[in-house]
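Subject: Structure handover

Hello,

Here is the structure I promised to pass on. Please open it alongside this note, and then read through what turned up.

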Amino acid sequence: MADINNEYLLQKLKSQFGSDILSHEETYGMLSIILSKDKNLELLTWLYNESELKFQFLTDVCGIHFPDNKDNELGVVYHLHSLVNNIRLRVKCFMPVSNPSIQSATSIFSSANWQERETFDFYGIIFEGHPNLKRIVNVDEMDYFPMRKEYPLEDGTRTDKDDKYFGR
Amino acid sequence: MQNEIIDIDEKHKEYTTLNLGPTHPATHGIFQNVLTMDGEIIVNSEQTVGYIHRAFEKIAEHRPFYQVTTLTDRLNYCSSPINNMGWHMTVEKLLGVEMPKRVDYMRVIIMELARISDHIVCNSVIGVDTGALTPFCFIFQDREKIYDIFEQMCGARLTTNIGRIGGLDRDWNDEVYRLIRKFLKEFPVAFRQFTNLLERNRIFLDRITGIGPISAERALNYGFAGPNLRAAGVDYDVRVATPYSSYQDFDFKIPVGTNGDTYDRFMVRQGEIWESLRIIEQALENLPPGKFFAEVPEFYLPPKEDVYNNMEALIWHFKIVMGETDVPKGEVYHSVEGANGELGYYLVSDGGRAAYRLHFRRPCFIYYQAFPEMVKGAVIGDAILTMSSMNVIAGELDG
């Protein structure tokens, strides 16, 4: 088992993808990179096939919404795990809310199928190349994406509840 | 001549569509499977999930951290304490708090008891789905004793809300220790009888061997974790790979299978129950003395006497209950080995009073999508068995 740590991993990623890695940080022991969104599939494929790294376990895919980040409002967060080296990596790709599309990872990971559908369901992120991109946990008739920040948790017409005293 | 009758060309062939679920007694939960059948053989299966979706991730963005614990209870409700502990540890990781050894050990005991109770449900239900109702009824008497222990620890049995951010809500009383010791003495006897009813039962073994298999490669590609992945032969266990809550202190084995079929999934869970018992024994024997909570006044409720007599304690009490404590800004992923596999919490905090984003990696949701591939070409009875041996829990599936 090769001794791979975060610095080494970052170095390898940088030598392969260079300026496509927009930024990186290490939070609570996990390396986290922000990648330009067109390169997501290329990076995942490369990490999957790289003989030393072998990031072949897609732990998690989820979306995130920052309404104040102009042109980078929506994000997709991948958590990858290299079981051989027992090291984890977080990859984030941001995109504008006006054109929320990104390449699907279903061609490499079967597990991405439902996770991407869930991300689409909650955030309206279009995964190009997904075999069956439709809502998964919400009803098909829903015409909004409920996890986006602009949608309030409760019915906006209610007047009997006031949360402002609780700082929420 | 006979061949002509059977051999209908594709153009005239018709498949039957069969609705398995959403509320079918054999699916143990609200799952719908629209099966395309060729006679008795399953050609394709399309799943509908989301019948009990409760938008936990959205709710969690609007609640103080301690109120999220009750949401995690309702993910995998067969082993709520594991979910609770995973959540506490995630927030503690974000806060950067170290737990005293005693808390770690107590949590390990609680989590392993929960794991046993979860695996019992799964394995006895495999029995039920093959027509063996007796082991199920028999072992559930002893499973109730685990709930008795939880009740004594925290007052609740099923949705436990056990522990707090920063430790446990209260120290264990003598009755808890007595019940755990009694359980450790009596459960192996009952479980051995359960084992004898199923593990050496020729009819049962013939029924479950080779049903719903998945290869290690496919299982990994589908993001399997926990007993289902280990049944396919991959020895990945979060407790060993990235130890949390002092799991590195304990000596235990990781049972693995070879074929990833129903038999292997059953046997891996059986093995894990024995290992969990060993862990509980070790933890109870070496339970260090000391405090059952860490010093995190911002999140851990002070004792009631102090609240009445001490200004700071009163302030903290008020702030905690009203959810007015800010958390540091940060981004953390923490995972624990849930009964069904890697249960992950991805928490993004913007420094406010509630999570900016919280995502649960729910193992059921991720591995249930392999179901159509696993039952292709099988008969309906096998599909039922495959589903129950995967231990798909509706609450965890829908989130």
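Five strands of chain A form an open sheet in this predicted model. Their order is E1-E2-E5-E4-E3, and the pairing is mixed. E1 and E3 of chain A are the edge strands, and each pairs on one side only. Direction ignored, neighbouring strands are turned by 20° against each other on average.

Strand E1 (residues 21-27) of chain A is joined to E2(A) by six bridges, and the two run antiparallel. Within that pairing, A:Glu25 stands opposite A:Ser32 of E2(A). E1(A) and E2(A) form a hairpin, with two residues between them. A:Tyr28 sits in the turn and has a positive phi of about 50°.

Now move along the sheet. E4(A) and strand E5 (residues 87-95) of chain A are also antiparallel, with nine bridges joining them. A:Val77 has A:Lys92 in E5(A) as its bridge partner. H3(A) lies across E3 and E4 of chain A. Its direction is at about 5° to that of E3(A).

Next, where the chains meet.

In all, 31 residues of chain A are in contact with 36 residues of chain B. Which of them gives the most to the side of chain A that touches chain B? E3(A) does, with six residues. By class, the chain A side divides into 16 nonpolar, twelve polar and three charged residues.

On to chain B.

Chain B is divided into domain 1 (2-48) and domain 2 (56-398). How far apart do the C-alpha centres of the two domains of chain B lie? They lie 35 Å apart. Twelve residues of domain 1 of chain B are in contact with 18 residues of domain 2 of chain B. The domain 1 side of that contact has five nonpolar residues, six polar and one charged.

Chain B has an open sheet too, with three strands in the order E4-E5-E6 and antiparallel pairing. Strand E4 (329-338) and strand E6 (357-361) of chain B stand at the edges. Each has a single partner strand, so one side of each is left without a neighbour in the sheet. The twist averages 10° from one strand to the next. E4(B) and strand E5 (residues 341-350) of chain B are joined by ten bridges and run antiparallel. One pair to look up is B:Gly330 with its bridge partner in E5(B), B:Ser349. Helix H4 (residues 80-95) of chain B packs on this sheet and touches E4 and E5 of chain B. The direction of H4 makes about 150° with that of E4(B).

Two helix pairs in chain B deserve a look. Two packed helices are described by the angle between their axes and the distance between the axes.

The crossing is left-handed. H7(B) brings B:Ile180, B:Leu184, B:Pro188, B:Phe191 and B:Thr195 to the contact. H12(B) meets them with B:Gln270, B:Ile273, B:Leu277, B:Ile280, B:Glu281 and B:Leu284. By class, that makes eight nonpolar, two polar and one charged residues.

The second pair is H12(B) with helix H17 (residues 380-390) of chain B. Here the axes come within 9 Å and cross at roughly 25°. H12(B) and H17(B) are therefore roughly parallel to each other. H12(B) passes H17(B) in a left-handed crossing. B:Thr262, B:Arg265 and B:Phe266 in H12(B) meet B:Leu385, B:Thr386 and B:Ser389 in H17(B). This contact has two nonpolar, three polar and one charged residues.

Best wishes

Conventions: Residues are numbered from 1 along each chain as its sequence is written. Chains are lettered from A and ligands numbered from 1 in the order in which they are written. This is a predicted model: local features need pLDDT of at least 70, side-chain atom pairs count only at pLDDT 80 or more; totals for chains, interfaces and linings use all residues. Domain bounds come from an automatic or database domain assignment. Two residues are in contact if their C-beta atoms, placed from the backbone, lie within 7 Å. Ala, Val, Leu, Ile, Met, Phe, Trp, Tyr, Cys and Pro count as nonpolar, Asp, Glu, Lys and Arg as charged, and the others, Gly among them, as polar. Helices (H or I, at least four residues) and strands (E, at least two) are DSSP runs, numbered from the N terminus. A crossing is left-handed if the near helix is turned anticlockwise from the far one by less than a right angle, and right-handed if clockwise. Two strands pair if DSSP finds at least two bridges between them. Axes are lines fitted to C-alpha atoms, for helices over the stretch in contact, and angles run from 0 to 180 degrees between N-to-C directions. Angles under 35 degrees count as roughly parallel, over 145 as roughly antiparallel, 65 to 115 as roughly perpendicular and the rest as oblique.
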